[in-house]
Amino acid sequence: MRIEAHYNGPAGSGNGGWSAGIFAAEAGGGPVEVTLRRPPPLETELTLIDGEVRDPGGDLVAEVRPAGAIDAVVPPVDLETATAAAARYPGLVEHPFPSCYVCGPQRADGLRIFPGRLPDGRTAAPFRAPAQVSGATVWAALDCPGGWAVLAPGRPYLLGRIAAVVAALPRPGDECVVTGALLGVDGRKALVHTSLYGPDGALLGAARATWIAR
(Lines give C-alpha, C1' and ligand atoms only; values in the text may rest on other atoms or scores of the structure.)
Protein backbone atom coordinates (compact mmCIF):
# COMPACT_ATOMS: atom_id res chain seq x y z
CA MET A 1 0.00 0.00 0.00
CA ARG A 2 1.10 3.55 -0.68
CA ILE A 3 -0.55 6.85 0.28
CA GLU A 4 0.28 9.13 -2.63
CA ALA A 5 1.30 12.70 -1.81
CA HIS A 6 -1.83 13.98 -3.57
CA TYR A 7 -3.99 12.57 -0.76
CA ASN A 8 -2.56 14.51 2.16
CA GLY A 9 -4.37 15.76 5.22
CA PRO A 10 -2.08 17.81 7.43
CA ALA A 11 0.95 18.79 5.38
CA GLY A 12 3.33 15.86 5.06
CA SER A 13 0.93 13.07 6.06
CA GLY A 14 -2.01 11.23 4.56
CA ASN A 15 -5.61 12.32 4.95
CA GLY A 16 -7.00 10.13 7.72
CA GLY A 17 -10.14 9.03 5.90
CA TRP A 18 -8.42 8.31 2.61
CA SER A 19 -5.63 6.40 4.36
CA ALA A 20 -8.11 4.39 6.42
CA GLY A 21 -10.01 3.55 3.24
CA ILE A 22 -6.83 2.23 1.63
CA PHE A 23 -6.11 0.11 4.71
CA ALA A 24 -9.71 -1.15 4.80
CA ALA A 25 -9.56 -2.19 1.14
CA GLU A 26 -6.36 -4.14 1.81
CA ALA A 27 -8.05 -5.90 4.75
CA GLY A 28 -11.03 -6.96 2.58
CA GLY A 29 -14.14 -8.56 4.03
CA GLY A 30 -16.79 -6.74 6.03
CA PRO A 31 -16.80 -3.38 7.82
CA VAL A 32 -13.59 -2.55 9.67
CA GLU A 33 -12.40 -0.01 12.20
CA VAL A 34 -9.08 1.71 11.59
CA THR A 35 -7.12 3.24 14.46
CA LEU A 36 -4.35 5.59 13.38
CA ARG A 37 -1.35 5.25 15.66
CA ARG A 38 0.63 7.97 13.93
CA PRO A 39 0.11 10.25 10.91
CA PRO A 40 0.16 8.01 7.81
CA PRO A 41 3.40 8.67 5.90
CA LEU A 42 3.21 9.71 2.27
CA GLU A 43 4.90 7.93 -0.64
CA THR A 44 5.97 5.07 1.60
CA GLU A 45 5.44 1.34 1.07
CA LEU A 46 3.21 0.11 3.88
CA THR A 47 2.26 -3.48 4.74
CA LEU A 48 -0.76 -4.95 6.53
CA ILE A 49 0.00 -8.09 8.51
CA ASP A 50 -2.29 -9.51 11.21
CA GLY A 51 -4.28 -6.31 11.40
CA GLU A 52 -1.26 -4.02 11.76
CA VAL A 53 -0.11 -1.48 9.19
CA ARG A 54 3.63 -0.93 9.41
CA ASP A 55 6.19 1.13 7.54
CA PRO A 56 9.44 -0.28 6.10
CA GLY A 57 11.19 0.26 9.42
CA GLY A 58 8.58 -1.77 11.26
CA ASP A 59 6.95 1.16 13.02
CA LEU A 60 3.22 0.82 13.66
CA VAL A 61 1.11 3.20 11.57
CA ALA A 62 -2.42 1.87 12.11
CA GLU A 63 -4.47 -1.04 13.39
CA VAL A 64 -7.34 -2.57 11.44
CA ARG A 65 -10.02 -4.57 13.25
CA PRO A 66 -13.50 -5.94 12.38
CA ALA A 67 -16.10 -3.29 13.20
CA GLY A 68 -19.35 -5.23 13.38
CA ALA A 69 -22.54 -3.26 12.77
CA ILE A 70 -22.11 0.46 12.14
CA ASP A 71 -25.25 2.30 13.21
CA ALA A 72 -24.08 5.85 12.59
CA VAL A 73 -26.57 7.35 10.17
CA VAL A 74 -26.88 11.14 10.20
CA PRO A 75 -30.15 12.35 8.60
CA PRO A 76 -29.81 13.89 5.13
CA VAL A 77 -30.59 17.36 3.87
CA ASP A 78 -31.33 18.46 0.32
CA LEU A 79 -28.62 19.78 -1.97
CA GLU A 80 -29.80 23.39 -1.64
CA THR A 81 -29.56 23.25 2.16
CA ALA A 82 -26.12 21.64 1.99
CA THR A 83 -24.90 24.29 -0.45
CA ALA A 84 -26.11 27.07 1.83
CA ALA A 85 -24.35 25.44 4.79
CA ALA A 86 -21.10 25.19 2.82
CA ALA A 87 -21.15 28.96 2.29
CA ARG A 88 -20.76 29.22 6.08
CA TYR A 89 -17.82 26.80 6.20
CA PRO A 90 -15.48 28.03 8.97
CA GLY A 91 -12.46 26.65 7.13
CA LEU A 92 -12.81 29.36 4.50
CA VAL A 93 -11.77 31.88 7.16
CA GLU A 94 -9.44 29.83 9.37
CA HIS A 95 -8.29 26.28 8.64
CA PRO A 96 -5.71 24.25 10.59
CA PHE A 97 -4.80 22.21 7.48
CA PRO A 98 -5.70 24.35 4.44
CA SER A 99 -4.07 21.98 1.94
CA CYS A 100 -6.13 18.94 3.07
CA TYR A 101 -7.21 16.83 0.09
CA VAL A 102 -10.78 16.57 1.40
CA CYS A 103 -11.66 19.91 2.98
CA GLY A 104 -8.77 22.25 2.26
CA PRO A 105 -9.76 25.51 0.53
CA GLN A 106 -6.29 25.74 -1.04
CA ARG A 107 -6.81 22.49 -2.96
CA ALA A 108 -8.40 23.17 -6.34
CA ASP A 109 -7.62 19.52 -7.16
CA GLY A 110 -9.13 18.08 -3.96
CA LEU A 111 -12.62 16.91 -3.05
CA ARG A 112 -13.47 20.42 -1.79
CA ILE A 113 -15.99 19.26 0.79
CA PHE A 114 -16.73 22.34 2.88
CA PRO A 115 -18.97 21.37 5.83
CA GLY A 116 -20.94 24.21 7.38
CA ARG A 117 -23.14 24.14 10.44
CA LEU A 118 -26.89 23.67 10.27
CA PRO A 119 -29.16 25.30 12.88
CA ASP A 120 -29.39 21.99 14.79
CA GLY A 121 -25.60 21.69 15.06
CA ARG A 122 -25.09 19.09 12.34
CA THR A 123 -22.74 19.80 9.45
CA ALA A 124 -23.64 19.48 5.79
CA ALA A 125 -21.89 19.97 2.48
CA PRO A 126 -22.37 19.16 -1.19
CA PHE A 127 -19.90 16.73 -2.72
CA ARG A 128 -19.36 16.22 -6.43
CA ALA A 129 -17.82 12.79 -6.98
CA PRO A 130 -14.49 13.02 -8.83
CA ALA A 131 -13.68 11.39 -12.15
CA GLN A 132 -12.20 8.37 -10.41
CA VAL A 133 -14.15 6.92 -7.50
CA SER A 134 -13.14 4.13 -5.13
CA GLY A 135 -14.00 2.96 -1.66
CA ALA A 136 -11.25 5.21 -0.32
CA THR A 137 -13.07 8.17 -1.91
CA VAL A 138 -16.12 7.40 0.22
CA TRP A 139 -14.04 6.94 3.36
CA ALA A 140 -12.41 10.32 2.68
CA ALA A 141 -15.77 12.00 2.13
CA LEU A 142 -16.97 10.55 5.45
CA ASP A 143 -13.94 11.89 7.32
CA CYS A 144 -13.73 15.69 7.52
CA PRO A 145 -17.48 16.52 7.80
CA GLY A 146 -17.44 14.74 11.15
CA GLY A 147 -14.37 16.61 12.31
CA TRP A 148 -15.93 19.95 11.46
CA ALA A 149 -18.78 19.14 13.84
CA VAL A 150 -16.28 19.78 16.64
CA LEU A 151 -13.49 21.81 15.01
CA ALA A 152 -13.49 25.53 15.82
CA PRO A 153 -11.03 28.40 15.40
CA GLY A 154 -8.06 27.76 17.66
CA ARG A 155 -9.25 24.22 18.46
CA PRO A 156 -7.72 21.76 15.97
CA TYR A 157 -8.53 18.05 16.05
CA LEU A 158 -7.08 15.07 14.21
CA LEU A 159 -8.76 11.82 13.24
CA GLY A 160 -7.84 9.04 15.64
CA ARG A 161 -10.21 6.19 14.76
CA ILE A 162 -12.84 5.59 12.09
CA ALA A 163 -15.16 2.73 11.20
CA ALA A 164 -17.15 2.94 7.97
CA VAL A 165 -19.50 0.94 5.82
CA VAL A 166 -19.75 1.63 2.09
CA ALA A 167 -23.12 0.62 0.67
CA ALA A 168 -22.43 1.85 -2.87
CA LEU A 169 -20.05 4.11 -4.76
CA PRO A 170 -21.24 7.36 -6.29
CA ARG A 171 -20.82 7.67 -10.02
CA PRO A 172 -18.25 10.17 -11.30
CA GLY A 173 -19.84 13.61 -11.37
CA ASP A 174 -22.72 12.71 -9.05
CA GLU A 175 -23.91 15.60 -6.90
CA CYS A 176 -23.98 14.09 -3.42
CA VAL A 177 -24.57 15.40 0.09
CA VAL A 178 -22.59 14.55 3.20
CA THR A 179 -23.78 15.21 6.76
CA GLY A 180 -21.99 15.05 10.11
CA ALA A 181 -22.97 15.16 13.76
CA LEU A 182 -21.16 15.48 17.08
CA LEU A 183 -22.27 12.80 19.56
CA GLY A 184 -20.22 13.97 22.51
CA VAL A 185 -16.88 15.13 23.87
CA ASP A 186 -14.89 13.34 26.57
CA GLY A 187 -11.75 15.21 27.47
CA ARG A 188 -9.64 15.43 24.31
CA LYS A 189 -11.82 12.89 22.46
CA ALA A 190 -14.84 13.76 20.30
CA LEU A 191 -17.20 11.08 18.93
CA VAL A 192 -18.80 11.96 15.59
CA HIS A 193 -20.97 10.30 12.95
CA THR A 194 -21.12 11.02 9.21
CA SER A 195 -23.25 9.88 6.28
CA LEU A 196 -22.98 10.23 2.50
CA TYR A 197 -26.07 10.40 0.27
CA GLY A 198 -26.36 10.06 -3.50
CA PRO A 199 -28.31 12.33 -5.84
CA ASP A 200 -31.45 10.23 -5.33
CA GLY A 201 -31.16 10.41 -1.55
CA ALA A 202 -29.87 6.85 -1.18
CA LEU A 203 -27.42 6.25 1.65
CA LEU A 204 -24.03 5.47 0.12
CA GLY A 205 -21.95 5.22 3.29
CA ALA A 206 -21.85 5.91 7.01
CA ALA A 207 -19.08 6.19 9.57
CA ARG A 208 -18.40 6.66 13.23
CA ALA A 209 -15.14 8.25 14.26
CA THR A 210 -13.14 9.53 17.20
CA TRP A 211 -11.24 12.78 16.78
CA ILE A 212 -8.48 13.83 19.15
CA ALA A 213 -7.74 17.43 20.16
CA ARG A 214 -4.15 18.41 19.45
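**A tour from Arg37 to strand β1 and back out**

Start by selecting Arg37 and Glu63, whose side chains meet in a salt bridge at 2.7 Å, N to O. The pair links distant parts of the chain: Arg37 sits in the loop between β1 and β2, Glu63 belongs to strand β4, and 26 residues separate them. A salt bridge here is a side-chain nitrogen of Lys or Arg within 4 Å of a carboxyl oxygen of Asp or Glu. Helices (H or I, at least four residues) and strands (E, at least two) are DSSP runs, numbered from the N terminus.

Before moving on, a word on what you're looking at. This is a predicted model, where local features need pLDDT of at least 70, side-chain atom pairs count only at pLDDT 80 or more, and totals for chains, interfaces and linings use all residues. Residues are numbered from 1 along each chain as its sequence is written, and side-chain values use heavy atoms, with hydrogens and water left out.

Arg37 has a relative accessible area of 46%, so it's partly exposed, while Glu63 is buried at 17%. The cut-offs are under 20% relative accessible area for buried, over 50% for exposed, and partly exposed in between (1.4 Å probe, protein chains only).

Next, select residues 32-36, which make up strand β1. Four of these five residues are buried, so the strand is largely enclosed by the rest of the structure. What runs alongside β1? Strand β4 (residues 60-66) is antiparallel to β1, and five bridges join the two.

For another one, pick Glu43 and Arg2, with their closest N and O atoms 3.3 Å apart. Glu43 lies in the loop between β1 and β2 (47-49) and Arg2 in the segment before α1 (16-27), so the pair ties together parts that are 41 residues apart in sequence. Both ends are partly exposed, Glu43 at 41% relative accessibility and Arg2 at 37%.

Last stop: Arg171 and Asp174, a salt bridge at 3.5 Å, N to O. Which end is buried and which exposed? Arg171 is exposed at 58%, whereas Asp174 is buried at 12%. To finish, select Arg2, Glu43 and Glu45 together, as salt bridges that share partners join them into one network.

Key. Two strands pair if DSSP finds at least two bridges between them.
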